[in-house]
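I set out to record what I looked up in this structure, entry by entry.

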Amino acid sequence: MTEEQKIAYETNGFLTIPGALSAEELSEVRDGAAKAEAIWRADASLPGTRSATLEQVQAPIEYDNRLLALLWHPKVFPVVRELLGDDVSMIDNDYFITPPHTPSTHAGWHHDVGLGGIYHPLSTVMVKVFFLLSDVNANSGGTAMIPGSYRFPQNYKFPEVDDPRQMPGAIQMTGKAGDAYLFNGRTYHAAVNNESDNPRRVLIYNYGHFWMKIWQGYEPSERLITEAKASGDPVRMQLLGIGDAYGQRLT
Ligand SMILES: O=C(O)CCC(=O)C(=O)O
């Protein structure tokens, strides 16, 4: 990480990586996401949420290897590894499509992580990355965050609000397709309503430590495990949970 990135992350608990995907990568990833979406729409038994507030293609890495490879994207993954450490691993992954004119938010204010036995304000337990596949402005259903909230005392009581935008001190993550942002899973965040005429499209990759369980429903398929082992790539294997629970780390 650059000094600027370190200071921004330490201050806010989040970081933006403008232009994380080149134009060519964005085009490939959009193509992969469109294929995943088409398969998912054609078969209602495939996992994910289908509602007026969110369409969630669960575990997009199962649908297209271009979406899988974003897990170790060379501009983003090294930052995640630096933040979490060499025992970094995948916790879950999603493709979120927020429909235009949502009746309400799909995600009110929350922390992603609150595990027992850990004092979270001093810990980095999860880091979540968003890749924007569409331009996101302040009214197109993006993520809102409270800067610095990952360090707030564990028992801090945030105000309750009806609309996520009413939260005092909140900022909105906006950006262009191809940009990425990431945040410490303890950073207090929400999604705002999509008031625009266009769907918001984001790929989400959540990382934790190797000893943590992969979120239920996101355990990699036998196919992904077999292919990862055949690749011999230590990063790919570790990210998919292959290794010893308490000894596994990248060198
Ligand atoms: O859709 C968003 O921007 C927020 C999603 C969210 O709250 C989460 O992934 O935990």
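**Entry 1: the sheet**

I find six strands forming an open sheet in the order β1-β7-β4-β9-β3-β2, with antiparallel pairing. I take β1 (14-17) and β2 (55-58) as the edges: each has a single partner strand, so one side of each is left without a neighbour in the sheet. The twist averages 20° from one strand to the next. Helix α2 (residues 23-42) packs on the sheet, where it touches β2, β3 (88-98) and β9, and its direction makes about 100° with that of β2.

I note the conventions here. The model is predicted; local features need pLDDT of at least 70, side-chain atom pairs count only at pLDDT 80 or more, and totals for chains, interfaces and linings use all residues. Residues are numbered from 1 along each chain as its sequence is written. Helices (H or I, at least four residues) and strands (E, at least two) are DSSP runs numbered from the N terminus, and two strands pair if DSSP finds at least two bridges between them. Axes are lines fitted to C-alpha atoms, for helices over the stretch in contact, and angles run from 0 to 180 degrees between N-to-C directions.

**Entry 2: pairings**

I went through the sheet strand by strand. β1 and β7 share four antiparallel bridges, and Thr16 stands opposite Tyr181 in β7. I looked up Lys128 on both sides: its bridge partner in β7 is Phe183, and in β9 the partner is Asn206. Ten antiparallel bridges link β3 to β9, with Met90 opposite Tyr207. β2 and β3 pair antiparallel over four bridges, and Gln56 stands opposite Phe96.

**Entry 3: burial**

I call a residue buried if 20 or more other C-beta atoms, placed from the backbone, lie within 10 Å of its own, exposed if 12 or fewer, and partly exposed in between. Why is strand β4 largely enclosed by the rest of the structure? Six of its six residues are buried, so the strand is largely enclosed. Val127, Val129 and Phe131 cover one side, and Lys128, Phe130 and Leu132 the other. Side chains in a regular strand alternate between the two faces of the sheet. In β3, eleven of eleven residues are buried. Helix α5 (residues 222-231), by contrast, is hardly covered, with one buried residue among its ten; Gly232 follows α5 with a positive phi near 70°.

**Entry 4: core**

A nonpolar core is a set of buried Ala, Val, Leu, Ile, Met, Phe, Trp, Tyr and Cys residues joined through C-beta atoms within 7 Å. The largest has 58 residues, and Leu67, Phe131, Leu182 and Leu203 have the most contacts inside it. β3 contributes the largest share of this core, six residues. Contact means C-beta atoms, placed from the backbone, within 7 Å. Leaving out residues up to four places away in sequence, Leu182 touches residues including Phe14, Val79 and Val129.

**Entry 5: ligand**

Which residues are around the ligand? I list Phe96, Ala107, Asp112, Gly142, Thr143, His189, Ala191 and Ile204, counting a residue as near if its C-beta atom, placed from the backbone, lies within 6 Å.

Technical notes:
Two residues are in contact if their C-beta atoms, placed from the backbone, lie within 7 Å.
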